Amino acid sequence: MSSQVRFTDFKSDKQPTWCPGCGDFGTMNGMMKALAETGNDPDNTFVVAGIGCSGKIGTYMHSYAIHGVHGRALPVGAGVKMANPDLEVMVAGGDGDGYSIGAGHFVHAVRRNVDMSYIVMDNRIYGLTKGQASPTSREDFETSTTPDGPQQPPVNPLALALASGATFIAQSFSSDALRHQEIVQQAIEHDGFGFVNVFSPCVTFNDVDTYDYFRDSLVDLAETDYDPTDRDAAKEKVLDADKEYMGVLYQDEDSQSYEQTHGLDSDMSEIDHEGAPEDATDLVREFY
Amino acid sequence: MPADFNWAIGGEAGDGIDSTGKVFAQALSRAGRHVFTSKDFASRIRGGYTAYKVRTSTEKVRSVVDRLDVLVALTPRTIEENLDELHEGSVIIYDGERTTMADVEIPEGMVGLDVPLKRLAEDAGGAVMRNVVALGAACEATSFDIEHLDSSLKKHFGDKGQSIVDNNKQAARLGQEHVRDNYPDADLDYDLDTTDNDYILLNGDEAIGMGAIAAGCKYYAGYPITPATDVMTYLKGRIEHFGGHVVQAEDELAAINLALGAARAGARSMTATSGPGIDLMAETFGLVATSETPLVVVDVMRSGPSTGMPTKQEQGDLNMMLYGGHGEIPRFVLAPTTVNECFWKTVEAFNLAEKYQTPVYLAADLAMAVTEQTFEPDAFDMDAVEIDRGKVVDEESIADHQTESGGFKPHEITEDGVSPRAIPGTEGGAHMSTGLEHDEQGRRTEDTEMRVEQVDKRNRKIETAREREDLSPREFGDPDSDNLVVTWGSNEGTLVEALEFLEEADIDVRILSVPYLFPRPDLTEEFEAADEVVVVECNATGQFADVVEHDTLQRVKRVNKYNGVQFKADELAEDIKETLAASQEVEA
Ligand SMILES: Cc1ncc(C[n+]2csc(CCOP(=O)(O)OP(=O)(O)O)c2C)c(N)n1
Ligand code: SF4
């Protein structure tokens, strides 16, 4: 089936209700293309979505999917993948969903290194709740709940990921369609947790981190002689406060996924016995 | 009362109390005696009073009693703590050479056996075996064949090598001989009869874990919390053999979401926690129900609210399990009553979860989870386990559940409220599950009619279950009695034993033990037929009493215990007697 899959097969028949011009359109298109390009089809793909404008993505895509509770998409994705490593698992959500309420899970998902991709649509604002500061909002960014700006430094998701032992860290930009698709594809192909922070501008509530801003400031690492397998170089890059980078910032080529290290290779949905499994009586014998 | 025997070892946490108690309990069980154990433990790792109690009889024992026949006291406090339970003729084994025990006074009428536990243990090869010396002494005091103890020591220390086993056996012998040589005249007339029975001994947490494996559970995610951790400990190292996996999550939010993910992937999946964890899981619990995901959530209750008393008994989470979570959530709440029922109710929980595609709470409690009980092995008959996976569709049958344009309908409106389920990977089944209200295809909707249809559909599962499942309570006592005593959870065994004390006081009662808390049986007729209804539970406000009053529109009397300790049979009989007497006085 997969040879005939086109990216439009991943489109659901629901029309997105995102604001015209929202960065999430481009982010989603790139995700669908990357899935099709890597040989997946809707019946073997599982998309887990967070809560927020970004989290609506699960509704607009066609695959097995779940739209969970705020901030908890990563453990759901890990559970799906561990229970059936044959499925292609992609988790998507916003910066609020992932780095605020879900920050704890982010650190642990990175450590766990389950073979799935995590796409964060970073618009540096809370979109769905109508424009409050997010953990990646700039220190002086004025919003309805922070009229003087958050007055605390933004979370640095790339550095957080690296410090937590990430095996794949990338950043992309939703309107650079080709590069975005390429980067997501690399995350899918990575054996382990493929983390991509995507600049996905909110045209309604964020007039600072705009398309123009990213277009002018992003440095594409693919156009430099940067070596993403060099962890020290990655350290420097992720801590560089003066520049915004696009591309793969770090990849551990020796990465072994959780499923590999834990010997998970079977589809746990299958139960081939009508009663207790064979050998189960041995469990009773133990208590003599 | 069957001639039963009560033994305990007490000291400080870190003294090896638990493992010593367990070795003795196992020896008794191997000798064909029934055993019921209980633990007194504080929420600390070292220091603080802790005790392990063993009640044993040649007949079935179902609860703890206020009586101690032999006490191994490693600290003076052990004697103080148990003074009420010691009686004329009780034997106290202690080490008079231990500085703290040098000046202890053995209470009037009791028999003190001063055994140099540490010194004898050192003679056998190491001071760590001093508790085993005490076990040898206890064998002598009770004329219990020490070879049963040998066999239990072998089971416990076999992994560590033959010489460790031999040293332990030797330590026990030295304890035995010391008592024989130094107290030849002590009148110790306890005789622990043995039988040919082969019992197994296990606790509720272990039984839940075993039930999960028997039911084909493949995935467990949990976060450590007393007294539920043993479920995870049990599964880890065993479930892998059956193709499953255990994950220690970063918190309970992750635990239930990991379990939810695995369940969405089609695996039989479970998480277990205690009250504080249930609070954290509440939001996702609603998602599980709305997305119609089969999931088993075990709550091994302990004293609350907040961190309460982590190592103490309570049944205070009933309201949380019945009503917890915002909005209205169809669910099942099952309450096992014994260690054996922990096994069977877990199996059933998985079947109900998949048959009705809904979350199932297993309402266990500390008193059952950490106490060991003996059973005939066929009480855990694996051949009797049945697996029912409900309405799973395959590539062929899926066509019957698709829209004209080929969209699968995971939330199809059906008469019984249960929709078809497509496990990921099934061709043509791709669909979205969501916590948002949705249409038959799982697509978000705010359509007023569809909202009502979906809510009704989900709730209809409960009506269907009421029709199809046998929700009857378990009955004990005198079926014709006008006095009805109703309970749930681990109190059942205590209540059954309380019957004998009530009989002595010329009081007959009919007992109903309710294992289905939601949906639950309608008790209106039973209540109407009775003159008095008394509801027994381990909480302060009578949460179950409230719901049955609401169900039956009848007032009930309440017997509640919430000091952190489970009911004891004699005490419970007294409470019931007083409650019945009080109501008669009012009427008179
Ligand atoms: C427990 C909980 N708290 C709060 C909310 C409300 N809420 C919905 S979306 C959102 C923020 C989303 O921000 P982000 O992840 O940045 O996504 P965006 O909408 O910007 O794409 C919040 C706070 C919720 N749904 N659940
Ligand atoms: S509010 Fe912002 S993030 Fe949400 S849809 Fe509109 S543009 Fe996109």
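**The site of ligand 1**

Ligand 1 is surrounded by residues from chains A and B, so the site is shared between chains. This is a predicted model, in which local features need pLDDT of at least 70 and side-chain atom pairs pLDDT 80 or more, while totals for chains, interfaces and linings use all residues. Residues are numbered from 1 along each chain as its sequence is written, chains are lettered from A and ligands numbered from 1 in the order in which they are written, and side-chain values use heavy atoms, without hydrogens and water.

Among the 17 residues around the ligand, A:Cys53, A:Ser54, A:Asp97, A:Asn123 and A:Gly127 come nearest (a residue is near if one of its heavy atoms lies within 4 Å). Helix α4 (residues 95-101) of chain A gives the largest share of this shell, four residues. By type, the shell has six nonpolar, eight polar and three charged residues.

Oxygen atoms of ligand 1 lie 2.8 Å from a polar backbone atom of A:Cys53 and 2.9 Å from one of A:Gly96. A backbone N or O atom of A:Leu128 is 2.9 Å from a ligand oxygen atom. On its own, ligand 1 has 590 Å² of accessible area, of which the protein covers 76% (Shrake-Rupley method, 1.4 Å probe).

**A helix pair in chain B**

Two packed helices are described by the angle and the distance between their axes. In chain B, the axes of α7 (residues 204-214) and α12 (residues 339-356) come within 7 Å and cross at roughly 35° (axes are lines fitted to C-alpha atoms over the stretch in contact, with angles from 0 to 180 degrees between N-to-C directions). The residues of this contact (heavy atoms within 4.5 Å) divide into 10 nonpolar, three polar and no charged.

Technical notes:
Helices (H or I, at least four residues) and strands (E, at least two) are DSSP runs, numbered from the N terminus. Ala, Val, Leu, Ile, Met, Phe, Trp, Tyr, Cys and Pro count as nonpolar, Asp, Glu, Lys and Arg as charged, and the others, Gly among them, as polar. A polar contact is a pair of N or O atoms within 3.5 Å; within protein, one must be able to donate a hydrogen and the other to accept it, and residues adjacent in sequence count only if both atoms are side-chain atoms.
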